[in-house]
Amino acid sequence: MSLTSGFRWVATIWTLFFGAVCVGAPVSALFSRLHGGTLFDPDILSLVRVTVTQAGASAMIAAVIGLPLGLLIAAGGAAAGARSARAFFFNEMLLAIPFSVPTAVAASSWVLILGRNGWLARLGIPLDWSYSLKAVITAHVFFNAPWIALWVAQARDRIPEGRFEAALTLGASAFSRFRFLEWPAVKWSFFAAATQAFSFCVMSFALVLILGGGPPVQTLETAVYSRLRFGTLDVGGAAACAAWELLVTLLPWAAVLFFQARDPGRGARPARERARGVGSFGARSWLPGVAFFAAAVFLLPYLAIFPASWRSIDIVPWSKEVLPAVAVSVKIAVTSAFFVVLTALAAVMSLSSPRLHPAVTTALASLASLSGGISALVLGLGFWLAFGRWVDPFEGSFAAIVAIQLALFFNVAFRIFWPLAQEPRRNLLEAAATLGADPARAFFEIEWPRWRSSVAGAFALVAAASIGEVAAVSLFYSEKLVPLPLLIVRWSAQYRFEAAQSASALLFVLSSGTVASVFISFHWRGARD
Amino acid sequence: MTETLFVRGLRKPIADWVLTADFEVGPGERAAILGRSGIGKTTLLRIIAGLEPPGAGSIWLGKEDITNLPAERRRIGFVFQDQALFPTMNVLENVVFGLRMAGVPRAEREKTGLEWLERVRLSKHARARVATLSGGEAQRVAFARAWVMRPRVLLLDEPFSSLDEEIRGELRQILREAHAAWPVPMLMVSHDAKDIDELVTVPLRFQEEQGGSMRSVFRFLGESRRS
């Protein structure tokens, strides 16, 4: 057995082990606890209705804003010159940061803005949206519109300049350029991002818990939590909610994959080549500036916590509660990120086997991405049901938190690594072999320089997402295992909003700073290479 | 020291046809494999380089049977059709890669690398990223990279394709000079009549039999044009 095939076997075993323990067993355990009666209980069906309404409205509004915003950002970056290239990178970063804002931070910010004594009320705008569905939808739109815009902008940015120029010489109007050039190139990215936004809204936990105010707005996700952690333990009801949630999140995904597979133009991914200021927005010198302000709008609500946190800085028990919580958060984030990167690399390596039929590889790669469509609480409940003999949520379990986050964030790293693994670089490895490099050395000399920034990027992105994740930790925390986002949720529930806002500001800096540094390092490496 | 390359009784089934080969290329000889596109020329070079298993038969360098030797231990220089330059390294790092793998100290390998870049008229580009090179410059880097490790055999897979005639002429000259300085067996694949006319001393032709299911390369006894 060669060194490469030996590694591939180990990678395959590890990937299968991950799939079985972190996804397969929990989901199977969940379905084994289902009863028809509970599944169609009127209370649970009403939760399904609220969840679908909330997620559908949030995703639809975000999509309506995200599509033109993405095209605007790409057009802003497409104006000629290095300045616009920098503007595109900067605007991409602005669009990515809101998505990385921990939900606990977002919730604190929106309480500050929409609350009864919030900023809007003080400005004389009579919007009492606190603890309502409107507040939840608004917060979700601010989260997801930039995310959809980011996907659209990146897809639009890949359209070669020559196509627009050819269309112009043929007399195509702005609308025709959108219809025949931009839409076909961005539509699957748009649908995928909108579907993802819908799933995120279904799975949203802390935002709904804090902004929905508990009973006034309850979704399937918060219902799973309340059936397990509050009042009488209702495992059957929680399992029914979880099963519905699984169905609601995965069905749209399956539909997108199905229709995408039937579209003959789906594989058209031209090499990244910056188009120059032609498209549905035309070529305008003011576009980069407008694009910047449009992207920045979605960050503004979160900046609201900084003045508030500064005022309440003295009342926060920093050393007694906040710093130990930060230590727990960092420990969870680093461990989760390590295992996510390791597992995603193993999965990519096993799926790159030349022995696999291309159709099987595509199917397995799509399946690997689906784990991101399962919520933390659904996985957590399944994990508890499957491994309850060893893992008790009421005792707290670091391993369970890491395992759930591994399943949650696996697809983030997998989506970063998979395109790299698909690029044909076999010729370079062969060239290295003819120059005397053995397989291991050839990999580290030739392949690793291409992978290392992506590995570091994936690690940092997962760590940033993990540090703000609150659902998995809500299920498996103990008094010795309270991370920072959970502390913020608890303080919000105890009406200690000032302290929660200060801790939120710290969490915001930790997670968004990590994401910004990843973007800057990618950009720096890209410029250098 | 240079040795003769022997390809003996090679028989490699590929899809629905079989490639067979039986020939040798001596020190200082420049052989070309001739035949239509898709006939198996590149496959033959890859088998000699150790990038593909030969099926049956053997490959010898002088008195050493290298049939089962891994590619990285054959010391056979290969100039790839697409150059296969390493994009994360600069020009000089690409050129000295083989010396680095052989454990040559940094100062020595950089000195040798710069000498070779001088020889291929690229010394000004030593620290440039390979992505910034033109097609002709990239091909010269690929030549230098293959030559610098003093290979026992040099294989070239359509080294001048997609270059204009002026650059081809310049590269042929560089190749002749380098080969005169280090006269190892050289085997190339080319479709260009001028390459064959100006460079090649031993033409090796593909013969198709049984409706193309048997494709053979062999050297007619004593076949060579000039040395």
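Residues are numbered from 1 along each chain as its sequence is written, while chains are lettered from A and ligands numbered from 1 in the order in which they are written. In this predicted model, local features need pLDDT of at least 70 and side-chain atom pairs count only at pLDDT 80 or more, whereas totals for chains, interfaces and linings use all residues.

A nonpolar core is here a set of buried Ala, Val, Leu, Ile, Met, Phe, Trp, Tyr and Cys residues joined through C-beta atoms within 7 Å, and a residue is buried if 20 or more other C-beta atoms lie within 10 Å of its own, exposed if 12 or fewer, and partly exposed in between, with C-beta atoms placed from the backbone. The largest such core has 168 residues, and I148(A), A344(A), A413(A) and V462(A) are among those with the most contacts inside it. Helix α7 (residues 133-157) of chain A gives the most to this core, namely 16 residues. Another core, of 73 residues, lies apart from it and includes A442(A), F78(B), W147(B) and L204(B).

Two residues are in contact if their C-beta atoms, placed from the backbone, lie within 7 Å. Beyond its neighbours within four places in sequence, A413(A) is in contact with V340(A), V341(A), A344(A), A458(A) and V462(A).

The contact between the chains takes 19 residues from chain B and 15 residues from chain A. Helices (H or I, at least four residues) and strands (E, at least two) are DSSP runs, numbered from the N terminus; of these, β6 (76-79) and α3 (97-101) of chain B each supply at least two residues of the side that touches chain A.

Two helix pairs have axes, fitted as lines to C-alpha atoms over the stretch in contact, whose angles run from 0 to 180 degrees between N-to-C directions.

| Helix pair | Axes come within | Crossing angle |
|---|---|---|
| α4 (106-119) and α5 (135-148) of chain B | 10 Å | roughly 135° |
| α20 (426-434) and α21 (439-468) of chain A | 10 Å | roughly 130° |

In the pair of chain B, T112(B), G113(B), W116(B) and L117(B) in α4(B) meet A144(B), W147(B) and V148(B) in α5(B). In the pair of chain A, L428(A), L429(A), A432(A) and A433(A) in α20(A) meet A442(A), E445(A) and I446(A) in α21(A).

Finally, S28(A) lies in helix α1 (residues 3-32) of chain A and counts as partly exposed because it has 13 C-beta neighbours inside 10 Å. S28(A) and A386(A) are 358 residues apart in sequence, yet 8.0 Å apart in space, C-alpha to C-alpha.
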